[in-house]
Amino acid sequence: MSKVSDPLATAVSDYFDMAIQTAEHTSKIWEKFTQQPTSAEDPAACVLTDFSEALKELGEAMMAHPDKLIDDQMDLLKQQQALFQNTVLRLMGKEVSPITEPEKSDKRFKSTEWDANPFFDYLKQLYLIQGNTLKKMVDDTDGLSDNARRKVDYLVRQYVNAMAPCNFAGLNPEVINKTLETGGANLAQGIEQLTEDMEASANGALNVAMTDTSAFQVGVNVATTPGKVVYQNDLMQLIQYTPTTDTVFKRPLMIVPPFINKYYIMDLRENNSLIRWLVSEGHTVFVISWVNPGAPLRDKGFDNYLLEGPVEAIKVIEQVTGEKEVNAIGYCLGGTLLSATLSYLKKKRKTPIKSATFLATLIDFSMPGEIGVFVNETTIAGLEKQMDMLGYYDGRQMSFSFNSLRENDLFWSFFVNNYLKGERPAAFDLLYWNTDSTNLPARMHSYYLRNMYLNNLLKDKNALEVDGVKIDLSGVKTPAYFLSASQDHIALWQASYKGAHLLGGKNRFVLGGSGHIAGVINPPAADKYNYWTNDELPTDSDEWFKNATSHRGSWWPDWQQWVEQQGGAERVPARSPGDGPLAAIEDAPGSYVRMRIQDVVNR
């Protein structure tokens with residue numbers, strides 16, 4: 001067939017090619033959707049069942065006070081009428097003031113057309129009026145239990161944000177313009193990307209691509225601090241980093257990262273790597289790199305993570321360096337594990353950890369943060385049935401749950417960019433790490449959800465047992481440094497403050513700026529944010545903050561000064577990995593951290 005030369009014929013041919021491709025991708029999406037589990041034992045169904053009970057309680061509470069409901073509805077009608085009148089006046093060329101406006105932090109309506117075009121301005125304001133009214137109706141409802149209110153607030157927020165006009169192709173001016181410019185190619189590309197994301201997602205959740213994953217490679221442009229893997233077992237590899245100073249502190253430093261994420265959040269780039277900075281300060285740094293588990297490790301539990309993780313790492317560090325004492329850092333759930341490790345070793349009459357640092361860590365789970373909306377018997381029972389089938393908890397489901405706590409920033413913005421505008425997400429190392437999920441063994445995850453989040457037993461004396469040892473945090477006398485972040489929505493700083501009162505030693509609490517990641521990964525050279533200190537540790541967190549002193553910049557130097565004060569300032573000649581009795585297994589960052597979740601699931 002001769003090549004089509006007529007521009008119109010070419011355009012028509014391209015259109016039909018695009019339509020065929022779009023139909024194929026739409027068919028795949030529908031097939032994927034219809035294959036989702038619909039059993040009442042499906043975790044997603046269990047979550048909905050739990051939320052339905054909260055909505056039922058909301059309906060009953062609203063009906064008990066119909067006067068408030070009527071007042072809110074009348075106010076809604078007045079605002080809608082005023083908006084309609086304003087829009088008519090605008091179409092007549094009159095200047096009017098908006099009835100309502102988005103918050104300054106709201107990036108969804110940044111296009112000038114949302115203000116300049118009366119039609120889009122009407123859509124925007126109508127959405128804001130209705131959404132704000134719905135939220136107000138819930139806020140005005142008395143008689144709701146705290147548990148139900150948390151769930152309803154979350155559910156209403158999800159609904160309101162999902163219904164934003166910017167999330168619909170025909171109502172978003174930027175998408176409309178892009179569609180006209182490309183002849184609909186953006187929507188075809190968007191459906192293709194949606195198909196790819198659904199294929200890469202776990203059942204019951206859509207993990208929208210947040211970054212160009214092809215732009216990063218672990219060990220090449222992230223996780224690049226030089227070192228060696230000096231030990232490994234089923235659950236972890238132990239990395240020792242290459243010194244950059246002639247002398248190092250005599251006491252080595254062990255880092256226990258969270259087991260729901262990969263450790264290299266602390267080693268993204270050279271200029272923001274906490275690990276690289278610690279090495280440059282003269283620490284002999286050892287980091288646990290957790291395995292990305294599949295079904296064969298289904299029976300590994302919290303006790304295995306404790307014994308085969310930090311307890312085993314301490315033994316290896318002594319073999320490598322000859323030192324019987326270490327400083328230890330635990331980040332997030334790694335800190336939770338570290339606290340139990342301290343008590344376990346204390347009960348064993350061993351005290352190798354001479355200082356303990358807890359970064360954004362929960363020990364008392366009475367204030368679990370927004371993730372608490374998913375913590376209940378119904379949901380956990382559903383998860384356990386799924387995990388019993390798979391042998392593990394799929395980390396992609398966890399990522400989806402955490403992303404839903406910041407749905408506009410971590411879901412809908414990418415939904416619009418990727419699927420409606422048809423654009424590829426930009427390359428961003430932090431978001432690459434965020435999408436590099438890890439699974440959890442079935443036994444471990446069930447234990448953690450029930451004993452920590454649901455029943456909050458770690459804080460209670462002798463309520464938990466590890467390898468025959470009762471855990472009692474009050475008996476731990478190791479000096480501890482607690483770092484929390486003021487805007488952390490995962491480990492609320494007021495909740496992590498409670499942990500500083502559970503350990504029986506002399507403890508220091510420091511509050512950093514920003515959130516769960518940026519508040520911790522805040523290098524001094526960046527000169528960003530601030531942190532608060534208070535040498536006193538009153539019972540009430542608000543009282544602590546009231547008398548705290550603010551300092552500009554990073555908390556890292558404050559920690560360095562503190563750890564040297566714990567008797568660890570003596571220095572010795574630098575130690576290189578592989579020079580001791582244990583030969584290096586492979587170069588850092590090792591093979592465990594390179595295991596992508598898709599490879600684990602598909603094995």
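A cavity is a set of grid points where a 1.4 Å probe fits but cannot get out, and its lining residues have an atom within 4 Å of a point. I keep that in mind for these entries. The model I am reading is predicted.

**Entry: cavities**

I looked up the cavities. The structure holds 3 of 30 Å³ or more. I went to the largest cavity, which has a volume of about 60 Å³. Helix 2 (43-64) and helix 3 (66-91) are the elements that each give two or more residues to its lining. Which helix gives the most? I found that helix 3 does, with 3 residues. I then read through the lining, and among its residues are Ala-61, Met-62, His-65, Met-137 and Thr-141.

**Entry: second largest pocket**

Next I checked the second largest pocket. About 430 Å³ of space lies in it. It is lined by 23 residues, and the closest to its centre are Asp-197, Ala-200, Asn-207, Ala-209 and Thr-213. I also noted the helices that supply at least two lining residues each: helix 8 (185-199), helix 13 (395-403), helix 15 (429-435) and helix 20 (597-602).

**Entry: Asp-488**

Last, I looked up one residue. I found Asp-488 in the loop between strand 12 (480-485) and helix 17 (493-499). Is Asp-488 buried or exposed? It is buried, yet it has no salt bridge. The nearest side chain of opposite charge is Arg-406, 7.6 Å away. A salt bridge needs the charged atoms within 4 Å. What does the side chain of Asp-488 reach? I traced it to the backbone nitrogen of Ile-490, at 2.8 Å. Leaving out residues up to four places away in sequence, Asp-488 touches Ala-360, Ser-514, Gly-515 and His-516.

Terms used. Residues numbered from 1 in each chain as written. Predicted model: local features only at pLDDT ≥ 70, side-chain atom pairs only at ≥ 80, totals over all residues. Heavy atoms only, no water. Helix = DSSP H or I, 4+ residues; strand = E, 2+ residues; numbered from the N terminus. Buried < 20%, exposed > 50% of the residue type's maximum accessible area, 1.4 Å probe, protein only. Lys, Arg positive; Asp, Glu negative; His and termini not counted. Polar contact = N/O pair within 3.5 Å; in protein donor to acceptor, adjacent residues only side chain to side chain. Contact = heavy atoms within 4.5 Å. 1 Å grid on protein atoms, 1.4 Å probe; cavity = no way out; pocket = protein on both sides within 12 Å on 5 of 7 lines; lining within 4 Å. Points joined across faces, edges and corners; volume = space filled by probe spheres on them.
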